[in-house]
Amino acid sequence: MTSASQSLLLSRRDLEFMLFEWLDVEALTQLPRFRDHERATFEAVLDTYERIATELFAPHYQKSDREEPSFDGHTAHVIPEVGVALKAVAESGLFAATQDYAFGGMQLPCVMEKAGLAYLLAANVGTAAYPFLSIGNANLLLAHGSATQIKTFVEPMLRGAFFGTMCLSEPQAGSSLADIATRAAYEADSVLGPQYRISGSKMWISAGEHELSDNIVHLVLARIPGPDGALIPGVKGLSLFIVPKFLVRDDGSLGERNDVVLAGLNHKMGCRGTTNCLLNFGEGTRHRPGDRAGAVGYLIGRPHLGMSYMFHMMNEARIGVGLGATALGYTGYLHALDYARNRPQGRAGKDPLAPQRPIVEHADVRRMLLAQKAYAEGALALNLYCARLIDQMQAETDEAARTELDVLLEILTPIAKSWPSQWCVAANDLAIQVHGGYGYTREYKVEQFYRDNRLNPIHEGTHGIHGLDLLGRKVAMKQGAALDVLRNRIQRTIERAATTDDESLRTSAGALGVQLVRLLLVTRRLWEAPDASVTLANASLYLEAFGHVVMAWIWLEQLLTAQGKSGDFYEGKRAAARYFFRYELPRIGPQFDLLTSLDTTTLDMADAWF
Amino acid sequence: MKALVSVKRAVDYNVRIQVKPDGSGVVTEGVKHSMNPFDEIAMEEAVRLKEKGKITEIIAITVGGAKNEETLRSALAFGADRAIHIKEEGEIQPLTAAKALAAAFKKEGAQVFFAGKQAIDDDANQTGQMVASLLDLPQATFASKVELDGNKATVTREVDAGLETLEVDLPAVITADLRLNEPRYLKLPDIMKAKKKPIDVQSFSSLGVTPGAGLKTTKTSAPPKRSKGIVVKTVDELVAALKGKGLL
């Protein structure tokens, strides 16, 4: 029967299972940084996130979609509810949650912050994007910015007074960042670091313009010309700059308007609550700081290392994208479940006068619900696992152990981003199906979940890019060190499961063991291919099969945590795991077959034949 | 000026209440609990009055088992300076709770007793009134506006006919209605600060209260399901149907 907790955002019971029963987040309180914490503070934090999500984010979810941001020639207007919600986020200190006490933070572990943010993402992904980007931006500057840059830009961001963006793509350079053309010309040294004048256009900039915050801190990738005036080509020539919407005076007050303007808004399929902008830097027409054209920008760190700094934010953003996809998959599942329990349709027997049964009683509806449960809970578990690794890595003092955690995160990042982006969109597709005709109307939220989620396989590196990243870089890095670490972890789980007296656990462990061996063989086979184009021709397929192996491991971990525990909740875990091992894991057999054959169908196809 | 704010741990307002199969009560095991929303409004009012300099110290108080400490921690994160936990497990009768709250109020020498107008679990709406009677204090219930000035409180209260404004001498009991204010969201750093604030543990016996057994719950049942409606064809039929049900 229905559980007592009725939030349609996330299951608090499941979060507690993952955080406290599986990942043993309480053990983090042994670390000096987290020693003031205890389970009660973690729960109070989740309460705060859940409450703001429920009361201030969820109510304007559909409105911010219907009334998408508008451009008046100068700025972007968003509905007022977004500002109200974000003010509460700022006042509650959620921007600074993981930061030091000295920055107004509560030194919250990353894993708890991600669990909290999942509530905001599930309630309203469009509104949640603003704090998400600001937090990532602040973290990048804390790692690579100077003391004055941190004081001037990060501190207001952590208070929620300034919001942040990341400006990578350009109209002609999206997946191919090597083709970025924005230029940065040195002007003078300043207290905020070497000052440059930036000129160029940046595309797809989420939260690029709005009046929700006092200032906007853009992090902009641009090229510095060499002494001969020539640009260094490729990603190695890129440097990273802070370009604020308003210049900030020494006393922290806002000064001149910088030469960065909104050229237009993109009209998106979903995620409409977040303004998505084409920004022009250095037009020199409307705003001329210091009476000169060119957007004032301050160099972060050293020249030409921009991409390495940006990866700091991108890796965080990628796990964040996976979490957003997960949250949408999860809330879609809970909406579909609620609908299925309350929608009477069809009868058990042939008596037309018998009362109709709720559709949750039909096997095919249960199949669709089980699939969503397996995707959404599996994806959430993987994302929280990654966040837990980040906490562990940041606290780790032993160099070798730290490197191990680092490479493990490197190899899991494309999975944590892409697997939820693929399968939680599939979950939303099934949530619509469960709703039938009603799911296809705008009166129900599931169609919006689907549209909003459809962005996730595209941004922060497309699905295909992550396939290339995984197969071309991550599994090969450091002589396969990352894959070794992951394989060891998966094998340890398999061994634990194989030595229990629970037959279904042993069977699942066996099934995963077979696919793990195949994955390693396929990886070797692909790298033995005659040339790289053959190796990488089916990288997306490799990514998907790899993702399913990882997810089977995550489900086996959950099964082990649930072992010996009874009750509806644990039965549900076992049923979802069983679904995954019966319906999902076998899918990758044919994918491995194809990969092993070094198939060249896609390479052999010619453009003219389409 | 000291204010005592009574906060009760209740089943969260988002939870769909389920009656236990044996009718002995409602399901509370494994169900999310939080501070009674009306008490939260009372708490918010006390904090605002403290911010205005009208109150100098806020003491949160609760009666109940060990888990109620969570509710007190929330109150401390909200802005209470310290807390009193009258720690008693098991069912607590309203009059016993009121006696314990009254005894603590007296002991503290507080000027204002704040509480929600009722708790959303039993909807009894009597704690504030009982405390006032036990201490022979003026009471201003269902407050939608509160002003403190010297030794008087001016309280606007919501009544059936509209708004009524009372002036009461302090010390007094004030209970909060829904529209008094909109409580703030907890600030994460305040959750950490709350851990360091003191909670004084008391009991019925330490406060000289003897638990009574005035009320007995005989049965709990869910409201009857809405029965199927009927469609009538004419006004005459409608009138006849209403008469038949004794509604006309």
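Me: In this predicted model, is Arg51(A) buried, partly exposed or exposed?
Reply: Buried requires under 20% relative accessible area and exposed requires over 50%. Arg51(A) has a relative accessible area of 25%, so the residue is partly exposed.

Me: Which residue forms a salt bridge with Arg51(A), and which elements hold the two partners?
Reply: The closest N and O atoms of the pair are 2.5 Å apart, and the limit for a salt bridge is 4 Å. Arg51(A) lies in helix 2 of chain A and its partner in helix 1 (residues 37-51) of chain B, so the pair joins two chains.

Me: Which element gives the most residues to the side of chain A that touches chain B?
Reply: Two elements give two or more residues to that side, helix 2 (39-57) and helix 4 (80-91) of chain A. The one that gives the most contributes twelve residues, and it is helix 2 of chain A.

Me: What is the area buried between chain A and chain B?
Reply: In this interface, 30 residues of chain A are in contact with 17 residues of chain B. Six residue pairs are in polar contact between the chains. Carbon and sulfur atoms give 55% of the buried area, which is about 2000 Å².

Me: Which residue meets Glu50(A) in a salt bridge?
Reply: The two side chains meet at 2.9 Å, N to O. Glu50(A) is in helix 2 of chain A, while the partner is in helix 1 (residues 12-22) of chain A, 38 residues apart. Both residues are buried. The partner is Arg12(A).

Me: Is Glu361(A) buried or partly exposed?
Reply: Glu361(A) forms a salt bridge with Arg357(A), with the closest N and O atoms 2.9 Å apart. Arg357(A) has a relative accessible area of 31% and is partly exposed. At 35% relative accessibility, Glu361(A) is likewise partly exposed.

Me: Which residues are joined into one network by salt bridges that share partners?
Reply: Asp47(A) is paired with Lys32(B), and Glu50(A) with Arg12(A). The network that includes them is made up of Arg12(A), Glu16(A), Asp47(A), Glu50(A), Asp12(B) and Lys32(B).

Me: How far apart are the end C-alpha atoms of helix 14 of chain A?
Reply: Helix 14 covers residues 503-527, and at 1.5 Å a residue its 25 residues should span 36 Å. At its start, a side-chain oxygen of Asp502(A) reaches to within 2.9 Å of the backbone nitrogen of Ser504(A).

Me: Which residues does Lys63(A) touch, not counting residues up to four places away in sequence?
Reply: Lys63(A) lies in helix 3 (residues 61-66) of chain A. Its relative accessible area is 24%, so Lys63(A) is partly exposed. With residues up to four places away in sequence left out, Lys63(A) touches Ile79(A) and Glu81(A).

Key:
Residues are numbered from 1 along each chain as its sequence is written. Chains are lettered from A and ligands numbered from 1 in the order in which they are written. This is a predicted model: local features need pLDDT of at least 70, side-chain atom pairs count only at pLDDT 80 or more; totals for chains, interfaces and linings use all residues. Side-chain values use heavy atoms; hydrogens and water are left out. Helices (H or I, at least four residues) and strands (E, at least two) are DSSP runs, numbered from the N terminus. The expected span of a helix is 1.5 Å times one less than its number of residues. A polar contact is a pair of N or O atoms within 3.5 Å; within protein, one must be able to donate a hydrogen and the other to accept it, and residues adjacent in sequence count only if both atoms are side-chain atoms. Contact means heavy atoms within 4.5 Å. Buried area is the accessible area (1.4 Å probe) that two parts lose on being put together, summed over both. Buried means under 20% relative accessible area, exposed over 50%, partly exposed in between (1.4 Å probe, protein chains only).
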